[in-house]
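Dear colleague,

I am passing on a structure that I would like you to look through with the notes that follow beside you. Please open it first, and then read on.

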Amino acid sequence: MRKKARFSSLPTASGAIARAAYARSLEARLKVEALLKSSSLTPQQIRNSQVRMPVKNQIKFLNLVAKELSDPFLGIHLAEGIELREMGLVYYVIASSETLGDALKRLARYSGITNEGVRITCNEGKDITVRFDYVGVSRFSDRHQIECFVGILIRLCRQLTGLSLSPTGVKLAHRRTELPVEIKKMFGCKVSFGSDVDEVVYPRTANRMATVNPDTYLNSLLVRHCEEALSNRRVHSSAWRLKVENAIVPPLPHGQAKMEEIAKSLGVSRRTLARFLASEGCTFGGILDALRLDLAKSYLREQDLRTYEVAWLLGFGEVSAFSHACRRWTGKTPKQLQSAGVESLTEAA
């Protein structure tokens, strides 16, 4: 009798990235037990590679470790040293593929086995575009996990082909003001931040590049195992608040984060969206307001961003409107918050 597939509303991950961050924390002699507790993770989850963990907890743990290490590029640094074979079954089905194009297609199809919170798609047109979409978790709070994914993808493509292959471009939804020279060299291409999508682009010619260790028989066998594993790891996300949050961020700076537009992008009517949100105890206006506050705290930490730029990024037509919102949220003006530093912004939540 065929085993019934298990469907979950809480995306989980194998936790390889969190475990790499844990190892880095131990090396730095951080109070890692406290960081785990703050992330709702346990030492048992971290130490046992067979135990999965909620994706949102992994993201929070990475953010906390990065803060304690004063490493704003933790995800990229982890990607440079992580053992690719820790991807498990997914790695081996990719590595045994005949061409890079086949490998990327298998990565897109089976990546959910490793991390259910990120859906990868691979599209071939003028170029090969590998896109990352978050499912059941909030994208705006994450920069380290997604940068780790991109770094791993770039390493993977180089290892599979045995060539110093670099993308033609990388786009990331979160914002950064600048990348250090050594990190620019690792990407080997232009990296655009504050984009509408998270994606890595390779030239179309990369599609037919041969891999260094193809094994047709092994690949066929592993594909069958992956299909079985995938059938037991599908996420059915009914969290409409998260869907709205992820849909709001890209159009926010352009003043297009209106309920009608967001509902349309999610494939429902405005009335239906309002009903779904009400069933979760929230409203579109409340989500937008809370999201703006969280993003404001993040943007104001960037000393290179001016007040009028932050106001635009949050979708405020005037700086005065942003200042009024800040006083309502925290009792302080944007300039007061920015000059007070990170700790004040954290307390203002």
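Before the details, one term is needed: contact here means that heavy atoms lie within 4.5 Å. Please also keep in mind that this is a predicted model.

Let us begin with two helices, H7 (residues 100–114) and H10 (residues 216–231), whose axes come within 9 Å and cross at roughly 45°. Angles of 65 to 115 degrees count as roughly perpendicular and those under 35 as roughly parallel, and H7 and H10 are therefore oblique to each other. The crossing of these two helices is left-handed. Which residues in H7 and H10 meet? On the H7 side they are Arg 106, Arg 109, Tyr 110 and Ile 113, and on the H10 side Asn 219, Val 223, Cys 226, Glu 227, Ala 229 and Leu 230. Sorted by class, this contact of H7 with H10 has six nonpolar, one polar and three charged residues.

The sheet comes next. Five strands form an open sheet with mixed pairing, in the order S4-S5-S8-S6-S7. Strand S4 (118–124) and strand S7 (191–193) each have a single partner strand and stand at the edges, so one side of each is left without a neighbour in the sheet. From one strand to the next, the twist averages 15°. Within the sheet, strand S6 (residues 169–172) pairs with strand S8 (residues 198–203) in the antiparallel sense over three bridges, and Gly 169 stands opposite Val 201 in S8.

Finally, H7 also packs on the sheet, where it touches S4 and strand S5 (127–134), and the direction of H7 makes about 155° with that of S4.

Note on methods. Residues are numbered from 1 along each chain as its sequence is written. This is a predicted model: local features need pLDDT of at least 70, side-chain atom pairs count only at pLDDT 80 or more; totals for chains, interfaces and linings use all residues. Side-chain values use heavy atoms; hydrogens and water are left out. Axes are lines fitted to C-alpha atoms, for helices over the stretch in contact, and angles run from 0 to 180 degrees between N-to-C directions. Helices (H or I, at least four residues) and strands (E, at least two) are DSSP runs, numbered from the N terminus. Angles under 35 degrees count as roughly parallel, over 145 as roughly antiparallel, 65 to 115 as roughly perpendicular and the rest as oblique. A crossing is left-handed if the near helix is turned anticlockwise from the far one by less than a right angle, and right-handed if clockwise. Ala, Val, Leu, Ile, Met, Phe, Trp, Tyr, Cys and Pro count as nonpolar, Asp, Glu, Lys and Arg as charged, and the others, Gly among them, as polar. Two strands pair if DSSP finds at least two bridges between them.
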